[in-house]
Amino acid sequence: MDTTLKAGTAGQDNVDHYTNILYQMQLIRRFEERSAELYTQSLIRGFLHLYVGEEAVAVGVMQALTGEDSILSTYREHGHALARGVDAGRIMAEMYGKQEGCSRGRGGSMHLFDASKKFYGGNAIVGGHLPMAVGMALAAKKQGKASVTCCFFGEGAAAEGEFHEAMNLAALWSVPLLLVCENNLYAMGTAIRFSHSETHLEKKGEGYGMATMVVDGMDVLKVEAAAKQAVDTIRQTGKPLLLVANTYRFRAHSMFDAELYREKTEVEEWKQKDPIPALYRYMKEQFGFSEAAFQGIESKVEEEIKAAIDFAEKGKWEPVEELTRFVHSETQTN
Amino acid sequence: MTYREALKQGIRQVLQHDQRAFLMGEDVGRYGGAFAVSKGLLAEFGAERIMDVPLSESGFMGAGIGAAIGGMRPIVEIMTVNFSLLAMDQIVNNAATLLHMSGGQVNVPVIVRMGSGIGRQLAAQHSHSWEPLYAHIPGLKVFSIGTHEDARNFLPAIFDHPDPVIIFEYTSMLNMEAELPTEPENVNTHLAAIRKTGKDISLVTYGTGVYKSLEAANTLLADGIDVEVIDLRVLRPIDYTTVFNSIRKTHRAVLVEDAWGSVNISSEISARIMENIFYELDAPVRRLGGVEVPIPYPKHLEDASVPQPADIINLVKNSMRHGGV
């Protein structure tokens, strides 16, 4: 498959689309930065894994999916949830642990769910959601639905047995599954060269007879184009596809991470590829997108995040009497 | 009818009843099931409904969970409970937790059937009884099939349950014959069953313990001891009402199971009896569990590693002597 993708053609018709993509990436960026501040104030607890630097992957891939498609994600999923359209206020409330949160405050940062958006977590066992994604795609196939299941995971998950079992099942059963490997080069603090015997992860797909693609995960337009091509292929063939997006997280693994495992110069080099200014520059060149217009996005984002934090602050703690709710369904027939 | 045939009839009924239902597991199709439980079902329902899967317990368990979330009604067979340890992450971290972690949004109506226990000289890695492990986990419903009636009727009765269900079946019982009514009856899926009423002592058990206890009870009756045999059936959540009511009547309790003696189902029931109805007891609660050893291969040692009717008889007699009547 063609892995050298060109950026989408710019044109006045595309201004709204690109503006929206830029807005979404900026929303994720600022949301994450504010989250880090709130974490240092102990308003958000637990683990907090930020997505800063990787925004182009979530936003680019999500452009290729419809409301009928299902999404499964990892513990670093705020960006996926926001890009999917899960309400920012409900995500923030979830991180606060309030009952207005998208998982009623029971999941926290690593377990964002919104069934109405077909967003099925937020799984904090590395690779644990991959077999589930195969099953969701299998269910769609059995029911004759046209929907695609999209599963995000990191390159760390590709070392887990779950990844290999899921790859085999997906290819064997020919299920409509888009596997998006976000290769940010570090599984927590272990570099890919210390954890994978084969660092060209797409080859792991080839080993299972699966179609694969590789894309520059720092270029949102390339990611969008690749994802559209991937999803089109999956819809036509009904078969799974592995899309490897090479990306980088600018911040630490989590808020507890002292980042002893990588050089600051390496981080700085990757920051030169920051997908947000890159798209902004492209839009400026292609159709004269203005500084003022960018400021407009920035203001909208700031307002939205302020509203999200207000919503979370005003949220309520679930009464302790409800502690054991949702262990079992409340509409049991047996 | 054999226990095996009874299980098969239950599976057939749910496949006929609901097009969303499908059976998936290692060798369930072309091979006919490792223990021949699903033999013939592939020809009857086709490969879409009777799905062979690769040897990847965690993978296909997770796929079953995903299919359940996606609107299907998968019945996942794990050949023996020992292999289910490979799928433990999916069962515990996903099936049992997603409803709660999602604040009630994501139901996982998956049914998992596992073959359990000793009986065929299969040695340690094919013979263990892991019921206590699963009974420990909030979010799961756990059932133990100790009779032919339940083998036939339990799966159809539990089929519409919205949450994950674990069903333990027993390989040593597959060839056992018993009479069953021609018309399947609805069974209660949350209560323990009193398999024999008695007035002198309550014998609480499940799984392979049921017939062994009934056999022991018959022998004891000849000796003038009238045992009440309770089949727990539901190992999570346990029906304590039936157990306590029985002990209020008999004032004595013996607990029997194949699983290892420490930290098992009986430990929990014993503790609950102490906490709730201690002053009803005329004698200490007695327990009979598996000997704490990986199950050995030779038949005489295998048999000696789990409670047998003679052991049950001895312990009941011992308990009856205690405290006088």
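## How chains A and B meet

Helix α6 of chain A (residues 161-173) packs against α3(B) at an angle of about 65 degrees, and the two axes lie 8 Å apart. The crossing of α6(A) and α3(B) is right-handed. Please keep in mind that this is a predicted model. The points below start with this helix pair, move on to the whole interface and end with some backbone details.

**The helix pair**
- On the α6(A) side, the contact is made by A:Glu162, A:Glu165, A:Leu169 and A:Trp173.
- α3(B) answers with B:Glu57, B:Ser58, B:Gly59, B:Phe60 and B:Ala63.
- Sorted by class, the contact of α6(A) with α3(B) holds four nonpolar, two polar and three charged residues.

**Extent of the interface**
- The size of an interface is often given as the accessible area lost when the parts come together.
- Here, chain B and chain A bury about 3,300 Å² between them, and carbon and sulfur atoms give 61% of that area.
- Three residues, B:His100, B:Met101 and B:Gln105, supply 19% of the area that chain B buries against chain A, more than any other three residues.
- In residues, the contact takes 38 from chain A and 47 from chain B.

**Polar links across the interface**
- Between chain B and chain A there are 19 residue pairs in polar contact, counted with both residues at pLDDT 80 or more.
- The salt bridge count between the two chains is one.
- That salt bridge joins A:Lys142 to B:Glu48, with the closest N and O atoms 4.0 Å apart.

**The side of chain B that touches chain A**
- Each of these chain B elements supplies at least two residues: β1 (21-25), β2 (50-52), α3 (57-69), α4 (88-95), α5 (98-101) and α7 (148-158).
- Which element gives the largest share of this side? It is α3(B), with ten residues.
- By class, the residues on this side of chain B divide into 20 nonpolar, 20 polar and seven charged.

**Backbone details worth a look**
- In chain A, the peptide bond from A:Gly121 to A:Gly122 is cis, with omega near 20 degrees.
- A:Gly122 sits in strand β3 (residues 119-122) of chain A.
- In chain B, the peptide bond from B:Arg236 to B:Pro237 is cis, with omega near -5 degrees.
- B:Pro237 belongs to the loop between β10 (234-236) and α9 (240-250) of chain B.
- B:Asp27 has a positive phi, near 65 degrees, in a residue other than glycine.
- You will find B:Asp27 in the loop between β1 and α2 (41-45) of chain B.

Note on methods
Residues numbered from 1 in each chain as written. Chains lettered and ligands numbered in written order. Predicted model: local features only at pLDDT ≥ 70, side-chain atom pairs only at ≥ 80, totals over all residues. Heavy atoms only, no water. Contact = heavy atoms within 4.5 Å. Buried area = accessible area lost by both parts, 1.4 Å probe. Salt bridge = Lys/Arg side-chain N within 4 Å of Asp/Glu carboxyl O. Polar contact = N/O pair within 3.5 Å; in protein donor to acceptor, adjacent residues only side chain to side chain. Helix = DSSP H or I, 4+ residues; strand = E, 2+ residues; numbered from the N terminus. Nonpolar A, V, L, I, M, F, W, Y, C, P; charged D, E, K, R; others polar. Axes fitted to C-alpha atoms, helices over the stretch in contact; angles between N-to-C directions. Left-handed = near helix turned anticlockwise from the far one by under 90°.
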